[in-house]
Amino acid sequence: MPKVPNLNELNIDQRGLATGGFSAGQATGTPAFRGSDLGNVVDQRGFAANPDFGRPVQALQISDAPDRLTQAMGQNIARFGETWQKIAIDMSDRADAARVEDAQNQLDRFTFEEKTGDNGWASRKGENAQKSLDGKTSLDEEFGERFRQVRDRIDEGLGNARQRAAFAKYAEAKRYEQQQDILGHMREQFGVFEQETRKARVGAAADRITAGDNTDIARGIETITAAVNEMAHEGGYGAEWAQQARKEAISQALSTAITTRINNGDLDGAQGLMT
């Protein structure tokens, strides 16, 4: 069998062929390289090898994917946590608002009943509107204490400090509103009480005129005049009203006194009152 010549045995130069600088390595189509060049080799797939003959660059990118996925998952979890926190805060705020509104409604119903109920402060008239039922305090103090008791009981049913603070602010304004209404009612009814008192004075003076002597009659007329003038001043009725009221009160008292004297057979006394 013929022997295949070794590449090194082919002395191309000696055969007189122009090599043009070709080396044996170039003749095979494979670039010549040294062992120290292994770190710079580019394989046939186009992957650049690392200096220590390691993995291709693309392989490094693939191996980093789990880290990026973990990072993305962490970011998503963080965003979800923030969203859930906002939802939780919103729900907490809404729960607080609902509890406070319920407490306010309870207080509103109570104060309305305190005003309009059968024994509410608006039902107290005249002298009774100036003091508590037991007579130890004023009307405002009586209902103010009742308000504080109910306010404290409602406050105990609230769930946290935020709810209590919001309710306390509302309750303070509600109490001020109630107090102003009660004080206004007291002033109005004090005027009624004064009028009733003066009317009673006029009645007592009329009785004195009816049953008394001439001195009693004169003093009775003075008392009626003073009481009617005070009623006109306090009530803002004016001078004309006062004059008419005095005339009617004195005339009625004298008419009763005359009738009484006639019935008692004191005709001279009756005649004296008519002059």
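Reply: Happy to! In this predicted model, H4 and H6 cross in a right-handed sense. H4 covers residues 161-211 and H6 covers residues 239-263; their axes come within 8 Å, at an angle of roughly 35°. On the H4 side, the contact is made by Val-202, Ala-206, Ile-209 and Thr-210. H6 contributes Ala-249, Ala-253, Leu-254, Thr-256, Ala-257, Thr-260 and Arg-261. Sorted by class, that makes seven nonpolar, three polar and one charged residues.

Some of these names come back when you turn to the packing. The largest nonpolar core has 17 residues, and Val-202, Ile-209, Ile-224, Leu-254 and Leu-273 are those with the most contacts inside it. At least two residues of this core come from each of H4, H5 (214-235), H6 and H7 (267-274). H6 gives the most, with seven residues. As background, nonpolar side chains in soluble globular proteins tend to be buried together.

Setting aside neighbours within four places in sequence, Leu-273 is in contact with Ile-217, Leu-254, Ala-257, Ile-258 and Arg-261. There is also a second, separate core of nine residues, with Leu-107, Phe-110, Val-150 and Ala-171 among them.

Now for the loop between H4 and H5, where you will find Gly-212. Is this glycine buried or exposed? Gly-212 has a relative accessible area of 13%, under the 20% cut-off, so it counts as buried. Not counting residues up to four places away in sequence, Gly-212 touches Ile-217 and Arg-261. Ala-257 is 45 residues from Gly-212 in sequence, yet their C-alpha atoms are 8.6 Å apart in space.

A word on confidence before you build on any of this. The chain has a mean pLDDT of 79, with 68% of its residues at 70 or more. Where pLDDT is low, the predicted coordinates should not be read in detail.

Conventions:
Residues are numbered from 1 along each chain as its sequence is written. This is a predicted model: local features need pLDDT of at least 70, side-chain atom pairs count only at pLDDT 80 or more; totals for chains, interfaces and linings use all residues. Side-chain values use heavy atoms; hydrogens and water are left out. Axes are lines fitted to C-alpha atoms, for helices over the stretch in contact, and angles run from 0 to 180 degrees between N-to-C directions. Helices (H or I, at least four residues) and strands (E, at least two) are DSSP runs, numbered from the N terminus. A crossing is left-handed if the near helix is turned anticlockwise from the far one by less than a right angle, and right-handed if clockwise. Contact means heavy atoms within 4.5 Å. Ala, Val, Leu, Ile, Met, Phe, Trp, Tyr, Cys and Pro count as nonpolar, Asp, Glu, Lys and Arg as charged, and the others, Gly among them, as polar. A nonpolar core is a set of buried Ala, Val, Leu, Ile, Met, Phe, Trp, Tyr and Cys residues joined through side-chain atoms within 4.5 Å. Buried means under 20% relative accessible area, exposed over 50%, partly exposed in between (1.4 Å probe, protein chains only). pLDDT is the predictor's confidence in each residue, from 0 to 100.
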